[in-house]
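Please look over the model below before reading on. My notes follow as numbered points.

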Amino acid sequence: MIWGVSPDSVKSHQNFSQKNSLSFTLLSDENKEVVQLYGVWKEKSMYGRKQMGVERTTFVIDKERMSQKIFPKVKVPQHPEAVLDFVKSWTNTGGTAIEQVEQQSLRFAVI
């Protein structure tokens with residue numbers, strides 16, 4: 001299963017999802033509880049100004065809710081392939097999960 005989480009509003013997520021024809025769920029975390037829990041709400045610097053924001057990070061979590069891999073400071077261009085390579089080497093699901101990641105990986109990386 002693939003989810004995207006950010007502190008953006010539900011309306012913002014709906015617009016983004018429709019604009020990009022996403023086929024997976026975007027979760028709104030306006031109170032920043034999840035991004036803080038996962039340690040990705042961090043101080044960032046842009047054009048010399050410091051502000052708080054989400055550090056793009058991918059967590060691969062198994063059925064037992066155990067983190068199997070963390071990809072910090074995600075850079076979009078190579079990211080889908082890196083996640084797919086990890087999932088292929090890690091899973092023995094007969095291809096179901098792998099096919100889902102392959103079908104959605106390019107869209108997944110846009111978030």
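**Notes on the predicted model**

1. Phenylalanine 71 is buried, at a relative accessible area of 13%. Buried stands for under 20% relative accessible area, exposed for over 50%, and partly exposed for what lies in between (1.4 Å probe, protein chains only). This is a predicted model, in which local features need pLDDT of at least 70 and side-chain atom pairs count only at pLDDT 80 or more, while totals for chains, interfaces and linings use all residues. Numbering starts from 1 along each chain as its sequence is written, and side-chain values use heavy atoms, with hydrogens and water left out.

2. Overall content. The chain holds four helices and six strands. Their order from the N terminus is β-α-β-α-β-β-β-β-α-α. Helices (H or I, at least four residues) and strands (E, at least two) are DSSP runs, numbered from the N terminus. Of the 111 residues, 30% count as buried.

3. Aromatic pairs. How many aromatic pairs does a search of the whole structure find? It finds two. Rings of Phe, Tyr and Trp (its six-membered ring) pair if their centres lie within 6.5 Å; planes under 30 degrees apart are stacked, over 60 edge-to-face, and the rest tilted. Tyrosine 38 and phenylalanine 59 are edge-to-face, at 4.8 Å centre to centre and 65° between the planes. Tyrosine 38 sits in the loop between α2 (33-37) and β3 (41-46), and phenylalanine 59 in strand β5 (residues 58-61), so this pair ties together parts 21 residues apart in sequence.

4. Phenylalanine 71 belongs to strand β6 (residues 67-71) and phenylalanine 86 to helix α3 (residues 79-90), so the contact ties together parts 15 residues apart in sequence. Phenylalanine 86 is buried, at 18% relative accessibility.

5. A charge over a ring. The charged end of lysine 69 sits over the ring of phenylalanine 71, 5.3 Å from its centre. The test asks for NZ of Lys or CZ of Arg within 6 Å of the ring centre and within 35 degrees of the ring normal.

6. Helix α3. Its twelve residues should span 16 Å at 1.5 Å a residue; the end C-alpha atoms are 17 Å apart, which agrees. The expected span is 1.5 Å times one less than the number of residues. Which residues of α3 are buried? They are His79, Pro80, Val83, Leu84, Phe86 and Val87. These cover an arc of only 160° around the axis, which puts them on the same side of α3. The arc is taken over the directions from the helix axis to the C-beta atoms. Asp85 and Ser89, on the other side of α3, are exposed.

7. Valine 83. This residue of helix α3 is buried at 5% relative accessibility. Valine 83 and threonine 58 are 25 residues apart in sequence, yet 8.4 Å apart in space, C-alpha to C-alpha.

8. The parallel strands. Four bridges join β1 to strand β2 (residues 25-28), and the two run parallel. Strands pair if DSSP finds at least two bridges between them. In β2, threonine 25 is the bridge partner of tryptophan 3, and leucine 26 that of glycine 4. Strand β1 (residues 3-6) has a covered face of Gly4 and Ser6 and an uncovered face of Trp3 and Val5. With helix α1 (residues 10-19), β1 and β2 make a right-handed β-α-β unit. Right-handed means that, with the strands pointing away from the viewer, the path from the first strand over the helix to the second runs clockwise.

9. The hairpin. Six bridges join β3 to strand β4 (residues 49-54), and these run antiparallel. Tryptophan 41 has valine 54 as its bridge partner in β4. The hairpin has two residues between the strands, and tyrosine 47 there takes a positive phi near 55°. Tyrosine 47 is exposed, with a relative accessible area of 80%.

10. Another backbone check. Most residues other than glycine have a negative phi. Lysine 32 is not a glycine, yet has a positive phi of about 65°. Lysine 32 lies in the loop between β2 and α2 and is partly exposed, at 24% relative accessibility.
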